[in-house]
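Colleague: I have the two-chain file open. Can you walk me through it?
Modeller: Go ahead and ask.

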Amino acid sequence: MGRNRRILIVDDDTEMRALLTDVLQNEGYEVAEARDGAEAVLALRAKHFDVILMDKNMPGPSGLDLLPGFRRVCPQSPIIMMTAFGDVPSYMEAIEKGAVEFLFKPFRMEELKAAIAKVVAQDAGSPA
Amino acid sequence: MIRRLGNLLMRNLTARLVILLMLALMLITGVNDYSRLTQERERLAGQMQEDVRIFSETLALAVRQNVRRGRTTDELRELLDEILARPGLEAVVIFGPDGKVIASSIAPNSPDPQADDLVRTTLGSRRPAAQALETEGGRILRHVQPFRWPTGGRTAAIEVRQTLVAMEQDYRRAVRERVLSRLAVLAAFVLSVVALTRWNIGRPIRALIAGAQAIGHGNLGQRIELTRRDEIGQLADEFNRMAGNLQDANRQLIHEATERLRLEQEAQQAQKLAAVGMLAAKVAHEIGTPLNVISGRAEVLARSIPPEQPGLRHLDVILGQTERITRIIRTLLDYTRPKRPNLVPIEILPTLGRVASLLMERGRRREVRILLEVPTGLPEVQADPDQLQQLFLNLVQNALDASPPGSAVRLAAGEAPLLPEEGRAGIRRGEVDSACLAIHVLDQGGGLAAEELEKVFEPFFSTKVDGRGTGLGLAIVEEIARAHRGAVELLSIPGRGTEAIVRLPLAAGPELPAEAPPHA
């Protein structure tokens, strides 16, 4: 690929965003951050992202609420949902609304990297 | 005094009966006695007159005989004096044919004789005449009796005066005696009526009063023991029957209240469990992220340290402990996680009815009515009955707590919101992507401002004063609504009220699976 894969992180927790940005940038991805749905929309309008990493629990519209809209507006950007473990109903709902992967917090950074790699590979392999 | 008597009449059955009876009797016998006594008096008077007439006739014959035999005036007067000895005679006078007094014998107080109209009429008509007179000594009867003078065939007369005083005294005495005996009879009668009433009527009535009072004081086992079959006995029977019914109804009420209390406690318990579950979930949610940050950073740090470095050990410990924390919270969640909803097709009206019934008492205490305006015959929804009950319980409780006394909480069905659009703010959670049933819970409370509406679904956010709310009610409502693939919307107009609209997917809709999706 000519350019690095671009990842959008949508999470209201500052430390979480910082951690994810550090780890993913270290892996060579280009990372952008958004605090909530509104900032995410602005970011999505500005650039194309290869992966959206979105937290479910946010004030205002939750990740689940935003999911269908994002899938509609940028179908080329697969979405990985994060949520607290034990939140199984959200898992089912997220999958049905179009999330491709799910991560239960706290997850290992290894787990995160593997999930992103898998999604990127799928994307590359799927018809344009 | 009059007032006391009036009071007595009002309050005492016996007294009233007795007094009225006495008055009636006195009236009847009084009238009767009066007419009888009057008749008697007239009869006596007539009798007296007749006596005097007969006496006068006889006397006239005797005088005529004496005159024919030639007695002198003096001798005649002696005769008259002897005759006057008869009790009651006041005077005897012999009038000659020309009206002159031939001889007379007068009692001391009696007026002098004279040939007045009465005498002259008698002399002229040759018929006896009588007259009643008032004198100083009392009433007298004058009777003038004509007789034929022995010589010449002319008419002479004898006047007899009879005092009526004695007769009248007798009459008055007779009246007195009659009245006294009447009163005695009346008194005896009244006493026996009183005694009879007290015994036959007053006693059972007092028993009834005592029975009613006992029941009024809460002693529902009280019964009246009467063994008569008349109206009072029937009254006692009905009373006993009524007391029995009251007892049964009371027992029923107690039973129902106990049952309702039990159900309410169960519902409260379920609510607490659900709240704790929500708490645990919220803790898990909140802890997940910082825990992630800690373990993530430890991982990153570990990566930058060469394997042999002693500091690596510390990071291993940090990672290990974060995993332990995770396990602890997972265990906690397993215990308290709200159960997966068991979705079945159900009618929503019974659930709403149970909720209204459970909260009836609370509504009554706050003087707020709960109006169930949901019609029968609505399509079934796909839902877990217990969780649905919990959901509406929370919504209606919130509505009740927000309602001022005298207002009403309405439960209704229908697509459109009940609150008008003007000044209305809203927030929605979840969405339904198929045919659904919308249930509205509307209150007339103070409403919520737009800023409050934003936060209202957040756990631990509460507008209730003194920390009365757990802050989890609406969070649970959202959780249950989402678990049912439904949505909840909150609309509010500050100062007018708040409306919660719950949308639930219909049962057996074409797009929905017949059962809940399997969990991983």
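Modeller: A term to begin with: patches are made of residues with over 30% relative accessible area and no salt bridge, with like charges joined within 9 Å and nonpolar side chains (Val, Leu, Ile, Met, Phe, Trp, Tyr) within 5 Å. Accessible areas come from the Shrake-Rupley method with a 1.4 Å probe, and for residues only the protein chains shown count as cover. A salt bridge is a side-chain nitrogen of Lys or Arg within 4 Å of a carboxyl oxygen of Asp or Glu.
Colleague: Which residues make the nonpolar surface patch of about 330 Å²?
Modeller: Leu27(B), Ile28(B) and Val31(B) make that patch. This is a predicted model, where local features need pLDDT of at least 70, side-chain atom pairs count only at pLDDT 80 or more, and totals for chains, interfaces and linings use all residues. Residues are numbered from 1 along each chain as written, chains are lettered from A and ligands numbered from 1 in the order written, and side-chain values use heavy atoms, without hydrogens and water.
Colleague: Is Ile28(B) buried or exposed?
Modeller: Ile28(B) is exposed, at 58% relative accessible area; the cut-offs are under 20% for buried, over 50% for exposed and partly exposed in between (1.4 Å probe, protein chains only). Ile28(B) sits in helix H2 of chain B, residues 13-68; helices (H or I, at least four residues) and strands (E, at least two) are DSSP runs numbered from the N terminus.
Colleague: New topic. How much area do chain A and chain B bury between them?
Modeller: About 2600 Å², of which 54% is on carbon and sulfur atoms. Buried area is the accessible area (1.4 Å probe) that two parts lose on being put together, summed over both.
Colleague: How many salt bridges are there between chain A and chain B?
Modeller: Six. Asp22(A) and Arg297(B), for example, pair at 2.6 Å, N to O.
Colleague: And what does Lys97(A) pair with?
Modeller: Its side chain meets Glu93(A) in a salt bridge of 2.7 Å, N to O. Both lie in helix H4 of chain A, four residues apart, about one turn of the helix. Both also belong to a salt-bridge network with Asp65(A), Arg429(B), Glu478(B) and Arg482(B).
Colleague: Is Glu93(A) buried or exposed?
Modeller: Glu93(A) counts as buried, at 13% relative accessibility.
Colleague: Last one: what is the distance between Arg142(B) and Glu159(B) in their salt bridge?
Modeller: 3.0 Å, N to O. Arg142(B) is in strand E4 (residues 138-148) and Glu159(B) in strand E5 (residues 155-163) of chain B, 17 residues apart. Arg142(B) counts as buried at 5% relative accessibility, and Glu159(B) is buried at 0%.
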